[in-house]
Amino acid sequence: MNVSIGADAHLALDLALTIRHDGHGGVADDLATAEGLTAWVRERPETGAQGVEADDTDLAAVRDVRAAVRALFARAVRPGEPSPADAARLMPVRDAVERLNSRAALAPTVPVLSWTEGADPVVRQEPTDGDAELTATLARAAIAFLASPDRQRLRACHAPRCVRYFLKDHPRQEWCKPSCGNRARVARHHERHKKTA
């Protein structure tokens with residue numbers, strides 16, 4: 001049962017997942033440098049910022065939005081635990097909401113109606129000047145996702161060494177991907193045998 005997600009949910013999750021397990025027991029940050037941000041943006045046409053050459057100011061602004069997103073993701077998964085990468089350093093919810101709202105306000109938009117034959121009308125917000133400010137786009141995507149029903153499916157993966165958030169596609173899904181489920185089962189197996197030894 002692979003449930004599709006909207007563009008806003010996809011972009012918000014992609015931003016949150018720039019903090020990930022590094023494969024060696026630690027945490028990697030895909031947005032550690034301005035070059036990393038440039039590469040990340042260029043892989044995501046939905047940001048509307050493919051031509052951007054990020055600098056340290058852009059990097060700080062996007063990382064600030066990401067911190068707010070991850071803080072609100074931690075709140076959204078309650079009563080479950082947040083990602084282990086966030087647990088000790090979460091931004092207060094009030095600050096996270098304020099930061100997303102202030103960033104979202106940076107790009108004025110207008111509603112644009114599309115209505116193709118045989119389909120319902122669709123309204124989307126487009127930047128008034130045709131070029132969205134990156135942090136505004138990211139903040140608006142996060143706000144739209146957090147206000148959507150998809151938020152109810154958001155979970156933090158608690159497999160050993162995993163720091164990802166994911167959308168639960170199946171009622172029995174506990175992990176973000178099969179490899180995390182395998183690691184969790186192996187860890188439980190070792191823990192049981194350690195107790196009996």
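**Close-up 1. D150, a buried residue in a loop.** In this predicted model, D150 has a relative accessibility of 18%, and because anything under 20% is called buried, D150 gets that label. To find D150, look in the loop that runs between α5 (134-146) and β5 (154-156). The D150 side chain has a partner here: a polar contact of 2.7 Å joins it to the side chain of R153. Leaving out residues up to four places away in sequence, D150 also touches I5, G6, A9, F145 and L167.

**Close-up 2. Helix α1 against helix α5.** Two packed helices are described by the angle between their axes and the distance between the axes. Here, α1 (residues 7-16) packs on α5 at about 115 degrees, and the axes are 8 Å apart. That angle makes α1 roughly perpendicular to α5. The crossing of α1 past α5 is left-handed.

**Close-up 3. Helix α4 against helix α5.** Now for another partner of α5: the axis of α4 (residues 93-104) comes within 7 Å of the α5 axis, and the two cross at roughly 125 degrees. So α4 and α5 count as oblique to each other. Their crossing is left-handed. From α4, the contact uses L100, N101, R103 and A104, while α5 brings T135, A136, A139, R140, A142, I143 and L146. Split by class, the residues of this contact are seven nonpolar, two polar and two charged.

**Close-up 4. Stepping back to the protein chain.** With the details in hand, here is the wider setting. The protein chain holds six helices and six strands. Read from the N terminus, the elements go α-β-β-α-α-α-β-β-α-β-β-α. Its C-alpha atoms fill a box of roughly 65 × 45 × 30 Å along the principal axes. Of the 197 residues in the protein chain, 38% are buried, and D150 is one of the buried residues. Among contacts with a separation of 6 or more, 56% link residues 24 or more positions apart.

Key: Residues are numbered from 1 along each chain as its sequence is written. This is a predicted model: local features need pLDDT of at least 70, side-chain atom pairs count only at pLDDT 80 or more; totals for chains, interfaces and linings use all residues. Side-chain values use heavy atoms; hydrogens and water are left out. Helices (H or I, at least four residues) and strands (E, at least two) are DSSP runs, numbered from the N terminus. Buried means under 20% relative accessible area, exposed over 50%, partly exposed in between (1.4 Å probe, protein chains only). A polar contact is a pair of N or O atoms within 3.5 Å; within protein, one must be able to donate a hydrogen and the other to accept it, and residues adjacent in sequence count only if both atoms are side-chain atoms. Contact means heavy atoms within 4.5 Å. Axes are lines fitted to C-alpha atoms, for helices over the stretch in contact, and angles run from 0 to 180 degrees between N-to-C directions. Angles under 35 degrees count as roughly parallel, over 145 as roughly antiparallel, 65 to 115 as roughly perpendicular and the rest as oblique. A crossing is left-handed if the near helix is turned anticlockwise from the far one by less than a right angle, and right-handed if clockwise. Ala, Val, Leu, Ile, Met, Phe, Trp, Tyr, Cys and Pro count as nonpolar, Asp, Glu, Lys and Arg as charged, and the others, Gly among them, as polar.
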